[in-house]
Amino acid sequence: MAEEQGIAGEDLLQLDRSAGDFHYDVKYAYDAGVGLSEETVDYICDAKNDPTWLRDFRKRALEIFLREPLPTHWASEQLAEIDFSQIRYYLAHGQRAGRSWDEVPEEVKRTFERLGVPEQERKFLAGVEAQFDSEAAYSNMKEALRAQGVIFVGSTEGLHKHPELFRKWFGKVIPPGDNKFAALNSAVFSGGSFIYVPPGVKVSHPLQAYFRINAESFGQFERTLIIADEGSEVTYMEGCTAPRFDTATLHSAVVELVALPGAKIQYITVQNWSPNVFNLVTKRGMAMENAEVRWIDCNIGSRLTMKYPAVILRGRKARGEVLSIALANSGQHQDTGAKMIHLADETTSNIIAKSISIGEGRSSYRGMVRIPNHLKGCKNNTECDALLINTSSRTDTYPAITLRGNRSAVQHEASVSKISAEQIFYMRQRGLPESEAMSLSVNGFVNDLVREFPMEYSVELKRLIDLEMEGSVG
Amino acid sequence: MSLQICDLHARIADREILRGISLEIRLGQTHAIMGPNGSGKSTLAKVISGHPDYEVTQGSVLLDGVPLLEREPDERARMGVFLAFQYPCEIPGVSIANFLRAAAQARLPEGESLSVTDFYQKLYREMDALGMQRNFSSRPLNAGFSGGEKKRAEILQMAMLRPRYGILDETDSGLDIDALKVVANGVNRLRGPEVGFLIITHYQRLLDYITPDFVHVMVEGRIVQSGGPELALELERHGYGSLEERYGSSKLSPLAETGTQG
Ligand SMILES: Nc1ncnc2c1ncn2[C@@H]1O[C@H](COP(=O)(O)OP(=O)(O)OP(=O)(O)O)[C@@H](O)[C@H]1O
Ligand SMILES: [Mg+2]
């Protein structure tokens with residue numbers, strides 16, 4: 001349903017209740033139509049004025065996508081419900097992102113204002129990119145960072161203006177053949193960020209991207225590449241929302257991180273997808289000597305999320321970390337996890353995954369830790385904790401730890417706890433409404449992990465959990 | 001002003017447990033309920049506070065004249081009903097302090113927020129009075145608490161939430177003699193013209209410290225005898241034997257039904 005009313009001050013408050021569930025009718029200047037074929041890819045290449053090498057890259061990726069079967073043999077059967085011929089692969093207003101909010105088309109600006117993006121930008125961000133369907137509508141960064149040589153632009157601008165940097169790493173951490181959805185993204189990607197941080201530069205405030213799906217039956221395929229040069233540091237945060245439609249919406253991103261020697265990248269996701277979104281994302285970072293890649297991943301909402309952030313520990317003493325929270329409410333399946341591939345001595349990795357399943361909700365953890373025989377002094381710690389709220393929820397853990405030889409150490413702990421009807425009654429007897437009792441338990445369960453998050457994000461996460469719990473009580 | 005229970009019948013899993021309870025607890029009064037195991041004392045406490053497993057088949061409960069039984073458990077709590085559970089459950093990950101803050105906040109009108117400094121002042125005052133270490137408030141509620149610590153935590157919650165009607169279900173069980181005094185003291189500090197208490201216990205020793213105004217004996221879902229504090233002393237001497245003989249029917253006794261030994 002189109003939402004025509006203007007934004008009054010008080011409307012913003014109401015928004016907090018309905019989260020991202022609203023959309024405006026928008027006229028698109030570019031529309032690749034419904035379905036996926038070589039023509040779709042050509043349309044996108046033409047619209048974006050892609051160089052030839054990229055057109056070839058996209059077409060090879062399309063072939064892989066069409067050839068590869070859906071991984072339903074190990075993943076959810078629900079994947080078969082996605083009708084790839086009914087999806088719109090490219091919808092855009094224009095090709096250039098505004099550098100100030102005044103340059104952003106009115107209805108797009110309204111959307112981001114409702115989501116509080118400009119306000120957050122003023123308060124604590126070093127730069128913001130706001131993507132609306134296929135393209136960024138706004139992209140800006142603090143002048144001081146530009147002066148230090150930091151690059152923070154959309155993927156298209158990145159590949160046109162900084163081809164030498166872009167091509168060196170693009171598709172190298174996650175090649176198109178990695179999996180069917182990485183291939184799909186490689187074929188039709190648009191939007192996402194390109195970031196380069198020069199040697200020694202420490203970006204103190206986070207750079208933020210906001211991915212907004214507005215259109216129905218749409219697929220969003222952003223592509224992000226972050227390169228942190230030697231000894232530099234950067235934190236990137238992404239937020240995502242979409243309105244609730246009856247038809248399936250697809251979000252299939254690819255994120256590649258490159259932390260050169262001594263660099264640190266922290267990538268934070270707080271997604272709050274509506275329950276019709278299939279969220280199939282490939283995220284992987286490469287950490288060179290002494291570098292650190294840290295994924296903080298909070299998955300709330302969606303119909304099916306499949307996401308296993310990975311770190312390839314390529315240089316000596318590299319560190320990788322995945323801290324993840326997944327919340328599966330009724331009708332949702334969070335299939336999440338982490339991968340740590342140790343390729344050098346004295347590399348360390350840490351995985352803490354917490355999942356919450358409510359009602360009919362289902363969450364699975366899939367882990368992969370690989371430490372080959374010839375390496376020494378490597379360490380991995382894996383902790384997966386599941387919280388089940390009411391008995392029909394289910395949770396599965398599929399940890400796969402491959403440790404060959406005895407010169408490295410791994411530690412694995414898993415726990416399942418339950419919030420029973422008796423516990424909910426106890427809390428209600430003290431005056432807490434059911435939804436609050438559940439929120440409190442969930443927050444208590446994730447608390448020690450959330451302490452690791454930047455302040456602004458822990459507040460946001462708590463708010464999303466409260467909203468989700470309100471929605472789960474009939 | 002009173003908590004008025006009128007001809008209350010309730011069942012669980014098709015078994016009638018409460019079979020016509022009538023009892024009025026006025027503000028300022030303290031009532032004690034005693035009775036053999038399985039007679040329905042905890043059931044009464046849970047039915048008053050709205051436990052979803054029980055079905056009320058007959059009767060009513062009025063809180064200061066307002067019908068209680070159609071209200072949600074959390075509404076009843078906010079109206080002033082507090083139950084100190086016989087078996088308090090563990091709430092993992094939620095500290096005593098955070099839990100009580102949320103409960104106190106839930107009692108404020110929409111839009112008003114709790115003063116954190118006032119809250120902690122009050123919390124520490126009550127903890128001191130109950131002989132609890134302050135850092136105890138950061139432990140997850142009831143998780144890994146000893147039996148005595150759980151009971152103390154129940155009284156702490158009651159002291160913080162200041163109910164109009166407090167129901168204590170065997171809060172004395174499992175307490176050593178010093179803890180018993182501390183807990184009794186905690187209850188006595190709350191007694192006054194604005195609060196009514198219903199104290200479920202098996203032992204006279206609690207009533208040595210909290211002198212009730214009335215004592216009732218429950219047998220098989222009914223109150224079969226009521227009196228003053230002297231009734232408890234009498235029961236202590238003679239047990240429930242004669243009362244059970246008189247009021248219990250073996251046909252209705254759950255123990256007889258299953259053939260297990262109490
Ligand atoms: N879920 C249930 N299904 C069947 N019977 C139940 C259930 N829950 C409780 N009962 C029965 O209800 C009866 C009353 O139990 P209740 O806990 O109220 O007794 P009580 O007087 O508090 O006993 P105690 O002094 O041992 O605490 C018992 O016979 C008990 O077995
Ligand atoms: Mg009992």
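Are Asp74(B) and Arg428(A) buried or exposed? Both residues are buried (under 20% relative accessible area, with exposed meaning over 50% and partly exposed in between; 1.4 Å probe, protein chains only).

1. Basis of the note. The model is predicted: local features need pLDDT of at least 70, side-chain atom pairs count only at pLDDT 80 or more, and totals for chains, interfaces and linings use all residues. Residues are numbered from 1 along each chain as its sequence is written, chains are lettered from A and ligands numbered from 1 in the order in which they are written, and side-chain values use heavy atoms, with hydrogens and water left out.

2. The inter-chain pair. Asp74(B) and Arg428(A) form a salt bridge whose closest N and O atoms are 2.7 Å apart (a side-chain nitrogen of Lys or Arg within 4 Å of a carboxyl oxygen of Asp or Glu). This pair runs between chains, from helix 2 (residues 73–79) of chain B to helix 10 of chain A; helices here are DSSP runs of H or I with at least four residues, and strands are E runs of at least two, numbered from the N terminus.

3. The interface. Chain A places 16 residues in contact with 33 residues of chain B (heavy atoms within 4.5 Å). About 2,000 Å² is buried between the two chains, 64% of it on carbon and sulfur atoms; this is the accessible area (1.4 Å probe) lost on putting the two parts together, summed over both. Phe425(A), Tyr426(A) and Arg430(A) supply 37% of the area that chain A buries against chain B, more than any other three residues.

4. Charged links across the interface. The rule finds 3 salt bridges between chain A and chain B. Arg430(A) and Glu154(B) also meet in a salt bridge, at 2.6 Å from N to O. Helix 10 (421–429) and helix 11 (434–450) of chain A each supply at least two residues of the side that touches chain B, and helix 10 gives the largest share, 7 residues.

5. The magnesium ion. Ligand 2 has Ser42(B) (OG) and Gln86(B) (OE1) as protein donors, 2.0 to 2.2 Å away. Donors are N, O and S atoms within 2.8 Å of the metal (3.2 Å for Na, K and Ca), and because water is not among the atoms, the site may look incomplete. Ser42(B) is buried at 18% relative accessibility, and Gln86(B) is buried at 17%.
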